[in-house]
Amino acid sequence: LELETLDAQIAEQRDLTFGRRMQGVEVWKVAKSPKRLARLVELLGIKAATLPAIPWPDKAAAWTALARYLVDIGAIDLPASIR
């Protein structure tokens with residue numbers, strides 16, 4: 001059974017979403033970009049949830065703020081076809 005580390009999965013998903021040099025200016029024109037971005041956020045969420053030094057109430061507050069931010073940028077920056 002072959003397993004990848006969480007960091008390796010995050011790096012791979014980042015590269016798939018934005019490209020190796022993170023220069024994917026037109027990333028939203030790629031058909032799979034919403035799915036890839038959602039997966040990247042999920043992986044980052046798993047990583048953040050497992051950080052031992054940060055108490056759960058702080059994690060919950062951070063994810064609430066992130067959810068509000070994503071809704072805001074989605075309404076402004078994402079094309080209507082992928083909202």
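**View A. Surroundings of Q13 in the predicted model.** In this predicted model, Q13 touches R36, R39, L40 and L43, when residues up to four places away in sequence are not counted. Q13 itself is found in helix α1, and with a relative accessibility of 13% Q13 counts as buried, because the cut-off for that class is under 20%.

**View B. Packing of helix α1 against helix α2.** Helix α1, which spans residues 6-18, packs with helix α2, which spans residues 33-49, at an angle of about 155 degrees, and their axes are 9 Å apart. Since angles over 145 degrees count as roughly antiparallel, α1 and α2 are therefore roughly antiparallel to each other. The crossing in which α1 passes α2 is left-handed. On the side of α1, the contact is made by L6, D7, Q9, I10, Q13, R14, L16, T17 and F18, while α2 contributes R36, L37, R39, L40, L43, L44, I46 and K47. Sorted by class, the residues in the contact of α1 with α2 are nine nonpolar, three polar and five charged.

**View C. The side chain of D15 and its polar contact with R14.** D15 lies in helix α1, and with a relative accessible area of 17% D15 is buried, because this value falls under the 20% cut-off. The side chain of D15 makes a polar contact, at 3.1 Å, with the side chain of R14, and R14 is one of the residues of α1 that make the contact with α2.

**View D. G45 in helix α2 and its separation from K59.** G45 has its place in helix α2, and a relative accessible area of 16% puts G45 among the buried residues, because burial requires a value under 20%. Along the chain, G45 and K59 are 14 residues apart, and their C-alpha atoms are separated by 9.6 Å.

View E. The protein chain has three helices and zero strands, and when read along the sequence, the chain follows the pattern α-α-α. Of its 83 residues, 13% count as buried; Q13, D15 and G45, the residues of views A, C and D, are each buried. Among the contacts in the protein chain with a separation of 6 or more, 42% are accounted for by residues 24 or more positions apart.

Conventions. Residues are numbered from 1 along each chain as its sequence is written. This is a predicted model: local features need pLDDT of at least 70, side-chain atom pairs count only at pLDDT 80 or more; totals for chains, interfaces and linings use all residues. Side-chain values use heavy atoms; hydrogens and water are left out. Axes are lines fitted to C-alpha atoms, for helices over the stretch in contact, and angles run from 0 to 180 degrees between N-to-C directions. Helices (H or I, at least four residues) and strands (E, at least two) are DSSP runs, numbered from the N terminus. Angles under 35 degrees count as roughly parallel, over 145 as roughly antiparallel, 65 to 115 as roughly perpendicular and the rest as oblique. A crossing is left-handed if the near helix is turned anticlockwise from the far one by less than a right angle, and right-handed if clockwise. Contact means heavy atoms within 4.5 Å. Ala, Val, Leu, Ile, Met, Phe, Trp, Tyr, Cys and Pro count as nonpolar, Asp, Glu, Lys and Arg as charged, and the others, Gly among them, as polar. Buried means under 20% relative accessible area, exposed over 50%, partly exposed in between (1.4 Å probe, protein chains only). A polar contact is a pair of N or O atoms within 3.5 Å; within protein, one must be able to donate a hydrogen and the other to accept it, and residues adjacent in sequence count only if both atoms are side-chain atoms.
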